[in-house]
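These are my notebook entries on one model. I set down what I looked up, entry by entry.

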Amino acid sequence: MTSTAKPSAPNVAIIGGGPAGLMAAEVLSQAGLQVDLYDGMPSVGRKFLLAGVGGMNITHSEAFPAFLSRYGERAPNIAPLLRAFGAEQLCEWIHGLGIDTFVGSSGRVFPTDMKAAPLLRAWLKRLRDAGVAIHTRHRWLGWNPDGSMRIASPEGEKTLRPDATLLALGGGSWSRLGSDGAWMLPLEQRGVTLAPLQPSNCGFEVEAWSDLMISKFAGAPLKNIAIGLNDDVPRLGECVITTTGIEGSLIYALSAAIREAINQHGSATIHLDLLPGRPVDKIQQALSKPRGSRSMAKHLHSQLGIDGVKAALLRELTPAECFTDPARLAQAIKTLPLTLVKTRPLDEAISSAGGVTFEALDERLMLKQLPGVFCAGEMLDWEAPTGGYLLTACFASGRAAGLGMLEWLQA
């Protein structure tokens, strides 16, 4: 199919080939604009494809108020984007690409085949049919003094003067897939207000595990537990012990709050409930039964089913004298304190917090300091847990920025 762009149509440049950039390209090309999309990697959508390994969780089916609450303090900024293009609209859009979806037992929404690649292939075909020109191995370097853009390409450096530009360069995690945060410096030099990039949906480190914990239990899953922070209601789920600390879905869900506690106080203490299905008095009763000549390890196993990594954690984090006091030991099993001292490195995190603040943007997602330059996706200063929330907001912000560019160009 030939390009739908009119010969006299404005030319727009999109920097970044993730969900936000591709969604903006769709909006703009369908409106008849000439769209050139540039990505520094050999192919587009690399982080999107990696997110699909093990099951492409595209969005979540929960009610809008609960869905919106997942964006924390940035929920008011994300709300208009999701009202215009939320989970329901995203699913309809996916169905329009010929991809069916289903809702899993956790409420998460997946393509029927659980894969990202067929979705991306169908989408890229639609974009190319609409005339979008995709330039891979083209890395954005910032601006020249005259305001033109610098792009490093296999043929050498290029200068671009588009009528409008969208920056959708991702956050600062998984740099090998293109999201390295290198865009921070050029924007800072132009006076754009930025929040520091920080790990989100990440693991955390303890001061030090014992050699026994590392040698026997690094990599061991902690299942059927609950974790609480401060006075919040503990969350149920599972996580994994690592050589340096702890990670996994339950930790990721609490990562923003844990990280901010560490930022403020230098450490954060979480409390593990090793038996969330049992009240403390019942645990104390079980522990108070005579154990005869059996070891405490066997007593814990026979009375409460505590063994393996749970038993090791209890020994690691509980004073020895607690094991002779059923009341104190029962309390430790229900609220086992684990002090975390720092996040794992940003590049290991699933996503990042920080970036271009919403205060630096107008309602069209255009930079107030740089008229004609828009931003979308994970390079904006917001974060959300895994579960489809990250992708939904990337799609929604890309669409909003595309519409904002159209509005600005028409004005």
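Entry 1. I looked up the contacts of G45 and found that G45 touches G17 and L120, leaving aside residues up to four places away in sequence; contact means heavy atoms within 4.5 Å. The model is predicted: local features need pLDDT of at least 70, side-chain atom pairs count only at pLDDT 80 or more, and totals for chains, interfaces and linings use all residues. Residues are numbered from 1 along each chain as its sequence is written, and side-chain values use heavy atoms, with hydrogens and water left out.

Entry 2. I located G45 in the loop between β2 (34-39) and α2 (46-51). Helices (H or I, at least four residues) and strands (E, at least two) are DSSP runs, numbered from the N terminus. G45 is buried, at a relative accessible area of 6%; buried means under 20%, exposed over 50%, partly exposed in between (1.4 Å probe, protein chains only). I also noted 9.3 Å between the C-alpha atoms of G45 and A117, which lie 72 residues apart along the chain.

Entry 3. I then traced an open sheet of 5 strands, with parallel pairing and the order β6-β2-β1-β10-β20. Two strands pair if DSSP finds at least two bridges between them. The edge strands, β6 (133-136) and β20 (373-375), each pair on one side only.

Entry 4. I checked β1 (residues 11-15) against β10 (residues 164-167): they pair in the parallel sense over 4 bridges. I15 stands opposite L167 in β10.
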